[in-house]
Amino acid sequence: LGTNLGMLILGSAVVDDFIAWIILALVVSLVRAGSGLNAVYVFLCLVGFCLMMGTLGSRLLIYICSKVHDPASNSRLFLFFLMCTMASSWFTEAIGVHAIFGSFIFGLTVPRHAEINIKLAHRVEDYVVTLLLPLYFAKSGLSTQLGLIDSGTDWGMCFLIIFGAAFGKIVPGVTVGRLCGRTWKESWVVGFLRTAKGLVELIVLNIGLDLNLLTTKVFGILVLMAVITTLLATPLMYMVYPPKKILADDSALKITHHFRRDTF
């Protein structure tokens, strides 16, 4: 991730996830509102909440952190942040958008100076990774019924979805990489690693299942697609451009840039 190529891939993934959150917010508000006018009202409430958190909320958090000694290690401030996260989740759930949007928006407004956000993330990481995340994956596994994919038509649809998901990530990634001056190897790595599905995709699928937008069979097919494309990403990358070679080339590129800067 510390290489130039890794930061490029990570940046594109962040943009993808951000757009996915916006689209998901629109879909959830439309489904829960029941009509177009109510959906617009819910979405405007969400936009107003985002603006408030990005302006007044962010400044208030910065002010509070400035008044606390060692804010990243203060237990009371940590508890305050957890309460704010729950309050934000409750608000977005109350206006008709999923609760997860509230916690996501609050996470964006946490002050970045003095690495407060990073230290707070480290404090909750063990609890989330060791307890909450396994439970969430267990819930997703319990909701997945691959036995419903029991016909040639179903498996054909599954193959087409997997192919379409991979094609829609690899081809644009390679094309844009070449247009931006990347080598063929780098462009293929961008395309392959973009096929890996993260936690956001699993969250989207579970929300779609909860809102009855997806049937159990379609949910199982999409989960299978996410798993297969994710498992294939790393072997394909190793075949085209091994990580050791990426690190070596990135180090050589940095040395070259440093030499040119000192020369001129």
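Buried means under 20% relative accessible area, exposed means over 50%, and partly exposed lies in between (1.4 Å probe, protein chains only). I note that this is a predicted model, where local features need pLDDT of at least 70, side-chain atom pairs count only at pLDDT 80 or more, and totals for chains, interfaces and linings use all residues. Residues are numbered from 1 along each chain as its sequence is written, and side-chain values use heavy atoms, with hydrogens and water left out.

**Entry 1**

I looked up Val27 to begin with. Val27 is partly exposed, at a relative accessible area of 35%. I found Val27 in helix α1, residues 4–33. Helices here are DSSP runs (H or I, at least four residues), and strands (E) need at least two; both are numbered from the N terminus.

Val27 belongs to a nonpolar surface patch with Val15, Phe18, Ile19, Ile22, Ile23, Leu26, Val31 and Leu213. Together these residues have about 730 Å² of accessible area. Such areas come from the Shrake-Rupley method with a 1.4 Å probe, and for residues only the protein chains shown count as cover. Patch members have over 30% relative accessible area and no salt bridge; nonpolar side chains (Val, Leu, Ile, Met, Phe, Trp, Tyr) are joined within 5 Å, like charges within 9 Å.

**Entry 2: helix α3**

I turned to α3, residues 75–94. This helix has 20 residues and reaches 29 Å from its first C-alpha to its last, close to the expected 28 Å. The expected span is 1.5 Å times one less than the number of residues.

Which residues of α3 are buried? I listed Leu77, Phe78, Phe81, Cys84, Ser88, Ser89 and Thr92. Seen down the axis of α3, the buried residues fall within an arc of 135°, so they line one face of the helix. The arc is taken from the directions from the helix axis to the C-beta atoms. On the other side of α3, I found Arg76, Met83, Met86, Trp90 and Ala94 exposed. Just after α3, Gly96 takes a positive phi of about 110°.

**Entry 3: salt bridges**

A salt bridge puts a side-chain nitrogen of Lys or Arg within 4 Å of a carboxyl oxygen of Asp or Glu. I counted four by this rule.

Asp16 pairs with Arg194, with the closest N and O atoms 3.0 Å apart. This pair links distant parts of the chain, since Asp16 is in α1 and Arg194 is in α7 (residues 184–194), 178 residues apart. Asp16 is partly exposed at 26%, whereas Arg194 is buried at 18%. Asp16, Lys169 and Arg194 are linked in a network of salt bridges.

Lys217 pairs with Asp154, with 3.1 Å between the closest N and O atoms. Here Lys217 is in α9 (residues 216–240) and Asp154 in α6 (residues 152–179), 63 residues apart. Lys217 is partly exposed at 28%, but Asp154 is buried at 9%.

Arg182 and Glu186 also meet in a salt bridge, 3.8 Å from N to O. Both Arg182 and Glu186 are buried.

**Entry 4: Asn212**

Most residues other than glycine have a negative phi. Where does Asn212 sit? I found Asn212 in the loop between α8 (199–210) and α9. Its phi is near 65°, a positive value in a residue other than glycine. Asn212 is exposed, at 67% relative accessibility.
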